[in-house]
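Hi everyone, thanks for coming.

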Amino acid sequence: MTLFYRLSGSLAGLSFVGALLVCFSYFAMPNLRKHPTNMIFYLSLCDMLLSLKFLLTALLPESIQLQYERIPCLLQAGWGQFFGVASISWNGMISLNLFINLQRQGFAKTSTLGKWYHTWVWSLATITTIVLCVHPSRLGSSGDGTCW
């Protein structure tokens, strides 16, 4: 089973590096810092931070034991919940943005929707994380060496 954790951590490492390169490109190329490419940046940032949870499990010695301790388990679960939901939500916002643009003739100016995208993503991630943390008795091993 430890081999499985190490393998999944290695794959998380690839995800981390890929997302890190996207974030680096966003900062290195000023012309990317506008709508809609900024949504790709936020998606990559959330993916990078989510993959960090799995990467640390693979790299830290005896990290698998943390899933059986209350506070580390709560931190792992909260971290995974927040950035997992945020990552999925950014995928949804990117899809919604594309859908809005496909419904109109030519590309629509959807940059005004950015504040609503942020409100949805960060609110949903925060609310679901709070709900998860309010019920810590439901936390436990998720089968991948981490808590959820």
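**A glycine and a group of rings**

Okay, let's start with Gly-9, which sits in helix α1, the stretch covering residues 2-28. Keep in mind that this is a predicted model. Is Gly-9 buried or exposed? Its relative accessible area is 1%, and buried means under 20%, so Gly-9 counts as buried. Which residues does Gly-9 touch, if we skip its neighbours within four places in sequence? Those are Phe-54, Leu-55 and Ala-58. Asn-38, on the other hand, is 29 residues along the chain from Gly-9, and their C-alpha atoms are 27 Å apart.

Now for the rings. The structure has nine aromatic pairs. One of them is Tyr-26 with Phe-27, an edge-to-face pair with 5.5 Å from centre to centre and 80° between the planes. Tyr-26 is buried, by the way, at 11% relative accessibility.

Another pair is Trp-90 with Trp-122: the ring centres are 6.1 Å apart and the planes meet at 70°, so this pair is edge-to-face. Where do these two sit? Trp-90 belongs to helix α3 (residues 70-103) and Trp-122 to helix α4 (residues 114-134), so the pair ties together parts 32 residues apart in sequence. Trp-90 is buried, with a relative accessible area of 0%, while Trp-122 is partly exposed at 24%.

Conventions
Residues numbered from 1 in each chain as written. Predicted model: local features only at pLDDT ≥ 70, side-chain atom pairs only at ≥ 80, totals over all residues. Heavy atoms only, no water. Helix = DSSP H or I, 4+ residues; strand = E, 2+ residues; numbered from the N terminus. Buried < 20%, exposed > 50% of the residue type's maximum accessible area, 1.4 Å probe, protein only. Contact = heavy atoms within 4.5 Å. Phe/Tyr/Trp six-rings, centres within 6.5 Å; stacked < 30°, edge-to-face > 60°.
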